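Please work through the exercises below with the sequence and the model side by side.

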Amino acid sequence: KVTFIMQLPKKYIDDIRQDPNVAAATYANWFGGKDPKHDTEFFASIAIDPKSYFDVAKEITVPEDQKQAFLEDRSGAVVGDAIAQKLGWKIGDKVTLDSSIYPAMPDKPWVFTIRGIYTATMKSADRSSFFFHWDMLNEGVPEKRKDQIGWVISRVKDPSRVAGISVDIDKKFDDKDIQTLTQDEHVRGMEVLAKA
């Protein structure tokens with residue numbers, strides 16, 4: 001609620017998923033990665049829950065065989081078709097990312113294998129993102145940074161009630177150390193739980 005860069009405890013996702021008004025929820029975390037081979041190219045790099053993210057973010061589509069390959073590879077990544085074409089990335093390519101937010105350990109760089117290329121079902125969807133397993137990020141951070149997420153994305157059962165549902169979700173966390181501010185993204189009832 002104070003600032004978007006403040007992390008949420010991962011356990012918040014369980015409370016949100018139990019809300020009777022929420023149809024589905026997932027979580028993500030900004031990584032801030034850059035490919036040193038293309039250091040002037042910006043693209044969003046985001047750690048996600050691979051099991052639920054694409055079910056909630058329905059504006060992007062990954063072929064089923066590629067999605068399965070991504071799920072089975074902890075160091076796998078799914079990238080947008082636009083950034084893949086621009087940087088010449090193909091399925092099976094290895095990509096190393098550097099992050100000023102999550103510096104790699106000297107003996108363990110952030111290396112990913114592209115397992116899928118997604119397309120957008122809506123013109124407003126970003127086709128240049130780089131998604132990877134949140135578990136990989138969580139395992140590679142110091143103990144004090146573990147089990148934290150950047151935001152929660154949810155789809156509600158009744159989009160006409162988004163405003164009220166948002167207030168109800170935030171009330172769940174009023175007495176917690178970290179409060180929330182739920183905002184409507186105006187995308188078919190999708191909400192983002194953030195702290196902006």
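This is a predicted model: local features need pLDDT of at least 70, side-chain atom pairs count only at pLDDT 80 or more; totals for chains, interfaces and linings use all residues.

Residues are numbered from 1 along each chain as its sequence is written, and side-chain values use heavy atoms, with hydrogens and water left out.

**Exercise 1. Determine how strand β6 is placed and which strands it pairs with.**

Step 1. Helices (H or I, at least four residues) and strands (E, at least two) are DSSP runs, numbered from the N terminus, and buried means under 20% relative accessible area, exposed over 50%, and partly exposed in between, with a 1.4 Å probe and protein chains only.
Step 2. In β6, residues 76-80, five of the five residues are buried, so the strand is largely enclosed by the rest of the structure. Gly76, Val78 and Gly80 point one way, whereas Ala77 and Val79 point the other way.
Step 3. Two strands pair if DSSP finds at least two bridges between them. Five bridges join β6 to the parallel strand β8, residues 110-120, and three bridges join β6 in the antiparallel sense to β9, residues 130-133.

**Exercise 2. Describe the buried and the exposed residues of helix α3.**

Step 1. In α3, residues 64-72, the buried residues are Gln66, Lys67 and Phe70. They cover an arc of only 100° around the axis (taken from the directions from the helix axis to the C-beta atoms), which puts them on the same side of α3.
Step 2. The face turned away from that buried side carries the exposed residues Glu64, Asp65 and Glu72.
Step 3. The buried residues of α3 pack, with contact meaning heavy atoms within 4.5 Å, against elements including β6, β8 and β9.

**Exercise 3. Compare the aromatic pair of Tyr27 and Trp134 with that of Trp30 and Phe42.**

Step 1. Rings of Phe, Tyr and Trp (its six-membered ring) pair if their centres lie within 6.5 Å, and planes under 30 degrees apart count as stacked, over 60 as edge-to-face and the rest as tilted. A search of the whole structure finds 16 such pairs.
Step 2. The rings of Tyr27 and Trp134 have centres 5.5 Å apart and planes at 85°, so this pair is edge-to-face. Tyr27 belongs to strand β2 and Trp134 to helix α5, 107 residues apart.
Step 3. Tyr27 is buried at 5% relative accessibility, as is Trp134 at 3%.
Step 4. Trp30 and Phe42 form a stacked pair, 6.3 Å centre to centre with 25° between the planes. Here Trp30 is partly exposed at 33% and Phe42 is exposed at 63%.

**Exercise 4. Locate the salt bridges of Asp19 and Lys172 and of Arg115 and Asp73.**

Step 1. A salt bridge is a side-chain nitrogen of Lys or Arg within 4 Å of a carboxyl oxygen of Asp or Glu, and the structure holds ten of them.
Step 2. Asp19 and Lys172 meet at 3.4 Å, N to O. Asp19 lies in the loop between α1 and β2 and Lys172 in the loop between α6 and β12, so the pair ties together parts that are 153 residues apart in sequence.
Step 3. Arg115 and Asp73 have their closest N and O atoms 2.7 Å apart. Arg115 is in strand β8 and Asp73 in the loop between α3 and β6.
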